[in-house]
Amino acid sequence: MGQLYKWSLRKTNYSINQVNWNKFWHLFSKLKAMKNIIKIFILDDDRYYGHFLKNSLKNDKYDIRYFQNENECLNCLTENPDILILDHILEYTTGLEVLDEVQRQSQRKINVIYLSAQEHVHIAIKAMAEGAITYIEKTGNATETINQAIENIIKLTKNFTVNLKLQEFRKQHL
């Protein structure tokens, strides 16, 4: 009787461990699959354009969050977005000031696409000098250009497993 009890106890422990392993593997697989989801933040004070852009970029591979307020966006940087699409004119400040704070908080790990209706070359130059990977004007085909930029970022970073080589990106994108 004692032998049977020890054997069933061992078998039970094995089964419990096997169940835990299966749960672990299931969660690990989900986490691994989630890494393939690209987290994109959009910061634009124009609510209509922000939602238009979010809906235009909608894709199963993207987790997109729209922010109308720069403070709310900055507070959510701890979620580590892969890409930030940043408008120049914002409610309380400019995109350049937000870009500076994003670069400081993320240690330059967030890929920033600078977006603006401004046609001033000095703003584009300053944004790219401050760390934006590209500058896109709000035109009729801006969403198409943004999609191309996102796809290039994904390709060049091997789905965010390596850092983006800025010069290589700019050669392909500009």
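Guide: Two strands pair if DSSP finds at least two bridges between them; strands (E, at least two residues) and helices (H or I, at least four) are DSSP runs numbered from the N terminus. This is a predicted model, in which local features need pLDDT of at least 70 and side-chain atom pairs pLDDT 80 or more, while totals for chains, interfaces and linings use all residues. Residues are numbered from 1 along each chain as its sequence is written, and side-chain values use heavy atoms, without hydrogens or water.

Visitor: In which sense do S4 and S5 pair?

Guide: S4 and S5 (residues 134–137) are parallel, with 4 bridges between them. Ile113 has Thr134 of S5 as its bridge partner. Helix H5 (residues 121–129) carries the chain from S4 to S5 in a right-handed β-α-β crossover (clockwise from first strand over helix to second, strands pointing away from the viewer).

Visitor: Which residues touch the most other members of the largest nonpolar core?

Guide: Such a core joins buried Ala, Val, Leu, Ile, Met, Phe, Trp, Tyr and Cys through side-chain atoms within 4.5 Å, buried being under 20% relative accessible area (1.4 Å probe, protein chains only). Here they are Ile40, Ile83, Ile85, Ile113 and Ile150, in a core of 25 residues. Strands S1 (38–43), S2 (62–67), S3 (83–87) and S4 (111–116) each supply at least two residues, as do helices H2 (47–57) and H6 (142–156). H6 gives the most, with 7 residues.

Visitor: What is Ile85 in contact with?

Guide: Beyond four places in sequence, the contacts of Ile85 (heavy atoms within 4.5 Å) include Ile40, Leu53, Ile113, Ile146 and Ile150. A separate second core has 23 residues, among them Phe41, Leu77, Val102 and Val112.

How values were computed. Buried < 20%, exposed > 50% of the residue type's maximum accessible area, 1.4 Å probe, protein only.
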